[in-house]
Amino acid sequence: MGLYLLDYGAGNVRSLANTLKKLGHEFKWISSLEDFDKATSLIFPGVGAFGSAIDGLICRGFLEPLRLYIKSGRPYFGICIGMQVLFQSSTESPSSSGLGIIPSVIEEFDNSDKAVPHIGWNSAEFLDPDRIHEGMDETSYYYFVHSYRAKYDWKNVEAAKWAHTTTQYGQEVFYATVRKGNVFGAQFHPEKSGVAGLRILDAWLREQESFRMFAPPTSPIPRPPRARDGFTKRIIACMDVRSNDDGDLVVTKGDQYDVREKAPTAADGTDSLRTRTAGAVRNLGKPVALAARYYAAGADELCLMNITSFRHSPLLDQPMLVVVRAAAEEVFVPLTIGGGIKDTVDPDGTKRSALEVAGEYFRAGADKVSIATEAVFAVEKMRERARDGGIGEGDGTSAIETIAHAYGRQAVVVSIDPRRVYVDADYDGPHKDELLLGKPDGSENERGKAWWYQCTVRGGREDRPLSVVQLAKGVEKLGAGEIVLNSIDRDGTGLGFDTDLITLVRKNVKIPVVASSGAGGEKHFVEVFTWTKAEAALAAGIFHREEVTIGEVKEALSAAHINVRK
C-alpha cells in the first residue's frame, strides 16, 4: 500500500521519480493491474501526445483500471497529459476518447497572436482565494510545454467547478490546475518547475489524505483575459559536451566551432597555461557539475549538446547517457539533449531509429531532443517532392516526424546553423525576398551591403542549398516544436545576437524561436528581447567563463521591464 507512479511508456518520467527521491517520498511503479488496488495515492506524469497516451494505456490494459481507481475516491495527481486524459477528448487525437471525468474538450492554442507550442514559464492565478493550495502561490512561475489546452469557460458550469487555477497565454485563459474531490491535476510540470514545483508535489503528498480526497468544487466565476499575460522570457545555459584526448567527457566551447586551444603568439610568452594546453580540447568543466551550478543560478533551461563522435552508436555511447541521468538527478528544470538523434546502424548491423535513440534519452531524463544536420536533409527531401517550388510534404519517416508523433512536437527542437552570403544590393536571385540590407547607421562592415542566410550542416563545415527561411518553414511543417537559431558569423564574437536573422525567422514561423550565438554581456539579452520577438535566449561561453552570470542577466532584463522568472 502507498504511493504509486503510472508510466504509459513514453516521455520523461524519470524526472518525477528523481523529484520524489529528492523530496524523500518513497514510491512504486504500476507494473500490473493488481497494483491499482494496492495504491493509496497515484501520480500519472504523462508526457507526449494525447493519442499516444491513450493508446499506451489501452495496450497495457491500464485505461479502465485507471478510471476505476479515480472513481474509487483515492487521491490522484495528473501531470500534463495525466491531467488532459481527465477530459472528454482532445482535438490533437480526435479518434481517442479521454476518461470523461471533466466535461470539456482539449483544443489547440490559437497561434495568431503568439508562438505555439506554449513553451516556458508562466504564472497561475487562483479562481477562489479561499482554495489556495498549500504549495502554490501567485508570485511563482511554473514550466509549461504544450500545444493543446483546456480553455476556461465559466459558463460551462460543470467543467468550471474543477477549475483551481488558470493561466493566460496571449489572450487565451486555460486551466493551469484542476482540483475537485480526490483529483488534482496540473497542465504544467511541477517536476520541472524548480523549487516552486517541488513545493507543490511535497505539499500534496504531505497533506492529510482526507483533504486530498475531498477537495470542494469551485464556484464558477468570469476570468476575462488581461492586457498582458504572465509569460516570461527564458534564459538557457548551453553546454557543448565532447571527449577530450583522454576520453573524458568535458564541457567545451569553440571559437567559430574550433574547440581546441590555440598556441599563443610570441608576445604571450612561452611559459603560460595556453602554451602548455595548446592543441588540447578546451576544458571548461564537467557537464553535471556545470549543470547543477546553472540550475542553482536560476537558468530556465539547460542544454547538453554531444559534439563528440560516437564510439559505437548513440545507444551504445553510455557515457553520454550516464551524464544525462546524473544531470537529471541534480536539476529540476527542462533538459534538452542534442547529438546523434538520427537513424543509425550499430557495428554489428543492428539498425537504430531516431525514435529509439530519442526514447533512450527521454527515459534517461531528457525533456526535449535537438536535431540539426538530419533536419536539413529531411527538409531537402521534402522540397524535392514538392511541385512548383512549394514546400512539399513529409513522408512520415524523418526523425522530426517520428519523434513528434510519439512524444508531441514540443519534445522536438531543431538547431539551425546559418551564415551570411553577401551579394550585390540589386541581387535578383532565388532568395531576393529574404534579402537584408545593411543600415546606414549600422556597423561599418555592414553599410552598403546586402545578404541572405544560407544553411549549413556538420557544425557549419558544409554549406547546403537551403536558405534559413526555407529550413525554418520546413522543420515547422515536419513537426518541430521549437527552433534554436545559431549564427556562424556571430558565434564566439561577443558582438551580440544577430537580431536581423532572428527577426527574419521569427516572422516566418509560428513556433518559438531561441536566439543563440554572439552574447557578450547583459545588454545583448536586453537588446534581443527588445528588438525581436524571440521567446528565449541561449548562451554558453560567457556563462562558462563567468564573464556574466545568469542572475546579472535577469537583473538587467527586469530593469528593462522584461518579464523573467526570478
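View 1. Leucine 437 stands across from alanine 450 in S24. This is a predicted model, in which local features need pLDDT of at least 70 and side-chain atom pairs count only at pLDDT 80 or more, while totals for chains, interfaces and linings use all residues. Residues are numbered from 1 along each chain as its sequence is written, and side-chain values use heavy atoms, with hydrogens and water left out. Strand S23 (residues 436-437) pairs with S24 in the antiparallel sense over two bridges. Strands (E, at least two residues) and helices (H or I, at least four) are DSSP runs numbered from the N terminus; pairing requires at least two DSSP bridges between two strands.

**View 2. Other partners of S24.** Strand S22 (residues 418-423) runs antiparallel to S24 and is joined to it by six bridges. Proline 418 lies opposite cysteine 455 in S24. S24 and S25 form a hairpin with four residues between them, and arginine 458 in the turn has a positive phi of about 55 degrees.

**View 3. Burial of S24.** Eight of the eight residues of S24 (residues 450-457) are buried, so the strand is largely enclosed by the rest of the structure. Buried means under 20% relative accessible area (1.4 Å probe, protein chains only).

**View 4. Contact of H17 with H19.** Glu522, Phe525, Val526 and Phe529 of H17 meet Glu552, Val553, Ala556 and Leu557 of H19 (contact: heavy atoms within 4.5 Å).

Methods
Buried < 20%, exposed > 50% of the residue type's maximum accessible area, 1.4 Å probe, protein only.
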